[in-house]
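Reader: Could you put the structure up, so that we can go through it together?
Author: Here it is, and we can start with a term that we will need along the way.

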Amino acid sequence: MQRTKYAAEFKSEAVKQVIDKGHPVVDVAKRLGIPEGVLYSWVNKFKKSDAPQSGDLKALQAEMVKIKAELRRTIEERDILKKAAAYFAKQSG
């Protein structure tokens with residue numbers, strides 16, 4: 001039996017239909033006329049290549065902690081400014 005070669009763009013579009021659009025692998029494989037197992041392997045390869053490495057994961061977690069702290073500080077500053085604006089609105093009115 002001869003193996004069929006698929007273009008990288010075809011593979012990418014098939015995987016996008018499964019991952020991005022949420023279509024079942026079985027349906028996409030039938031529509032495109034490819035074996036389900038082939039599409040499952042493409043999806044698994046994509047998920048593995050898309051997953052961050054452990055070093056990247058630690059850096060991302062550290063950045064997330066930093067951003068959350070900055071967001072918390074910004075929210076506090078916003079709330080203080082709202083209270084100040086309300087206070088000065090009462091004073092001038």
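Author: Helices, labelled H, are DSSP runs of at least four residues and are numbered from the N terminus. Please keep in mind that this is a predicted model.

Reader: Fine. What is the volume of the largest pocket, and which residues line it?
Author: The volume of the largest pocket is about 240 Å³, and its lining is made up of Arg 3, Thr 4, Lys 5, Tyr 6, Lys 11, Pro 35, Val 38, Ser 41 and Trp 42.

Reader: Which element gives the largest share of that lining?
Author: That is H3, which contributes three residues, the largest share of the lining of this pocket.

Reader: And how do the lining residues divide into nonpolar, polar and charged?
Author: Four of the lining residues are nonpolar, two are polar and three are charged.

Reader: Let me switch to the rings: how many aromatic pairs does a search of the whole structure find?
Author: The search finds four aromatic pairs, and one of them joins Tyr 6 and Phe 10, stacked at 5.4 Å centre to centre with 15 degrees between the planes.

Reader: Is Trp 42 buried or exposed, and what do the ring pairs link together?
Author: Trp 42 counts as buried because its relative accessibility is 9%, where the cut-off for buried is under 20%. Ring pairs link Trp 42, Tyr 6 and Phe 10 into a cluster.

Reader: Moving on to H1, how does its span compare with what its residues should give?
Author: At 1.5 Å a residue, the 12 residues of H1 should span 16 Å, and the end C-alpha atoms are 16 Å apart, which agrees.

Reader: Which residues of H1 are buried, and where do they fall around the axis?
Author: The buried residues of H1 are Ala 14, Val 15, Gln 17 and Val 18. Seen down the axis of H1, they fall within an arc of 155 degrees, so they line one face of the helix.

Reader: And which exposed residues are on the face turned away from that side?
Author: Ala 8 and Glu 9 are the exposed residues carried by the face of H1 that is turned away from its buried side.

Technical notes. Residues numbered from 1 in each chain as written. Predicted model: local features only at pLDDT ≥ 70, side-chain atom pairs only at ≥ 80, totals over all residues. Heavy atoms only, no water. Phe/Tyr/Trp six-rings, centres within 6.5 Å; stacked < 30°, edge-to-face > 60°. Buried < 20%, exposed > 50% of the residue type's maximum accessible area, 1.4 Å probe, protein only. 1 Å grid on protein atoms, 1.4 Å probe; cavity = no way out; pocket = protein on both sides within 12 Å on 5 of 7 lines; lining within 4 Å. Points joined across faces, edges and corners; volume = space filled by probe spheres on them. Helix = DSSP H or I, 4+ residues; strand = E, 2+ residues; numbered from the N terminus. Nonpolar A, V, L, I, M, F, W, Y, C, P; charged D, E, K, R; others polar. Expected span 1.5 Å × (residues − 1). Arc of directions from axis to C-beta.
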